[in-house]
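Please read this report with the model open beside it. It moves from strands to helices and then to a single residue.

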Amino acid sequence: IKQKKRHMGDTKHFCPVSLKEHFVLHPGLQEHAAKYKENIYYFSTSEYRDKFLKNPEEYVAHNEPIQAPPLRMCLLGTHGAGKTTCARQIADKLGIFHIQFEEYLQELILPKTRRKVGPQFDEEHEEDDSKIPILSEELEDFSQTKTKTEKSKQEEVLTDEEEAIKANLMDSKELPPEVLDNIVLDWWKKEPFRSTGFILDGFPRTVDEAKYLSERGLCPDVAVYIQVEDSDILDRLFPPRLKKWKDKRQKKKEYKKQLKDLKAKMRV
């Protein structure tokens, strides 16, 4: 039996209400379908279907086709896979924003922490604050300079949201949905991201974060996962880390030599 061809609405299989109100292409479901002027429309929820039926002319095309939202892309991959490099190139080529998620989190708390936080940054901070200051004190003792500058570092109190962000950067603790709401929603719903589009580098990182996007109706148009061999990541990350370690080691040697020369000079 030949079935009658379905005439899809202006937004095809995407929800017209989500597109109109949130500028998001959210796939509609067959169980939430409705017919208007011989065309079939699909909706993401039954509430949106009912909203459409109350005033359908608000959500259909009139003199010109309905404008589609800009590209919203998620770029995923393990640390060292080259996400940021690829994301910058794509953003420049397409004229969209590049958002590096963890770097964005760092910027949110940097005014109060005064330095980047995380295992890799704490390691550097400990080396700078523990070993070199000891040598500085010895230099002051042997040069008999009694002027000591006491710097009282008064850390500003972090808000609950900032504490959650810090815990995420330090120990990979999940960000609560209410914190993500204050960060992620703006990229979909506020200007200039809403009309320009973006490539989101490094988010979602976990299953819970992916569920968060789904529950909020924040649908990326494209999600790309960069898969790289472990050996390639090692070849990429190890040389600069080794050079950094060698540079620090060389600086410490030079510093100790200066201290030794100063001690000998003070004995004369």
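Which residue in β2 does Leu29 stand opposite? Leu29 faces Phe43 in β2.

This is a predicted model, in which local features need pLDDT of at least 70, side-chain atom pairs count only at pLDDT 80 or more, and totals for chains, interfaces and linings use all residues. Residues are numbered from 1 along each chain as its sequence is written, and side-chain values use heavy atoms, with hydrogens and water left out.

## Overview

The chain has ten helices and six strands. Helices (H or I, at least four residues) and strands (E, at least two) are DSSP runs, numbered from the N terminus. Of the 268 residues in the chain, 31% are buried. Buried means under 20% relative accessible area, exposed means over 50%, and partly exposed lies in between (1.4 Å probe, protein chains only). Contact means heavy atoms within 4.5 Å. Among contacts between residues at least 6 apart in sequence, 70% join residues at least 24 apart.

## The β1-β2 hairpin

Strand β1 (residues 29-36) pairs with β2 in the antiparallel sense, over five bridges. Two strands pair if DSSP finds at least two bridges between them. The two strands form a hairpin with two residues between them. Lys37 sits in the turn and has a positive phi of about 50°. Strand β2 covers residues 39-43, and four of its five residues are buried, so β2 is largely enclosed by the rest of the structure.

Asn39 belongs to β2. Leaving aside neighbours within four places in sequence, Asn39 is in contact with His7, Met8, Gly9 and Ala34. His7 and Asn39 are 32 residues apart along the chain, yet their C-alpha atoms are separated by 5.0 Å.

## The four-stranded sheet

An open sheet of four strands runs in the order β4-β5-β3-β6, with parallel pairing. β4 (97-100) and β6 (222-226) stand at the edges, each with a single partner strand, so one side of each is left without a neighbour in the sheet. The twist averages 20° from one strand to the next. Axes are lines fitted to C-alpha atoms, for helices over the stretch in contact, and angles run from 0 to 180 degrees between N-to-C directions.

The pairings are listed here.

| Strand pair | Bridges | Residues standing opposite |
|---|---|---|
| β3 and β6 | five bridges | Leu76 and Tyr225 |
| β3 and β5 | four bridges | Leu75 and Asp201 |
| β4 and β5 | four bridges | Ile99 and Leu200 |

Both faces of β5 are covered. Phe198 and Leu200 lie on one side, Ile199 and Asp201 on the other, and all are buried.

Helix α6 (residues 160-171) packs with α4 at an angle of about 130°, and their axes are 10 Å apart. That makes α4 oblique to α6. Angles under 35 degrees count as roughly parallel, over 145 as roughly antiparallel, 65 to 115 as roughly perpendicular and the rest as oblique. The residues that meet include Leu105, Leu108 and Ile109 in α4, and Ile165 and Leu169 in α6.

α6 also packs with α7, at an angle of about 90° and with axes 10 Å apart. These two helices are therefore roughly perpendicular to each other. Here Glu161, Ala164 and Ile165 in α6 meet Val179, Asn182 and Ile183 in α7.

## Helix α9

Which residues of α9 are buried? In this helix (residues 207-215), they are Glu209, Tyr212 and Leu213. They cover an arc of only 95° around the axis, which puts them on the same side of α9. The arc is that of the directions from the helix axis to the C-beta atoms. These buried residues pack against α7 (177-189). Val207, Ser214 and Glu215 are exposed, on the face turned away from the buried side of α9. Just after α9, Gly217 takes a positive phi of about 70°.
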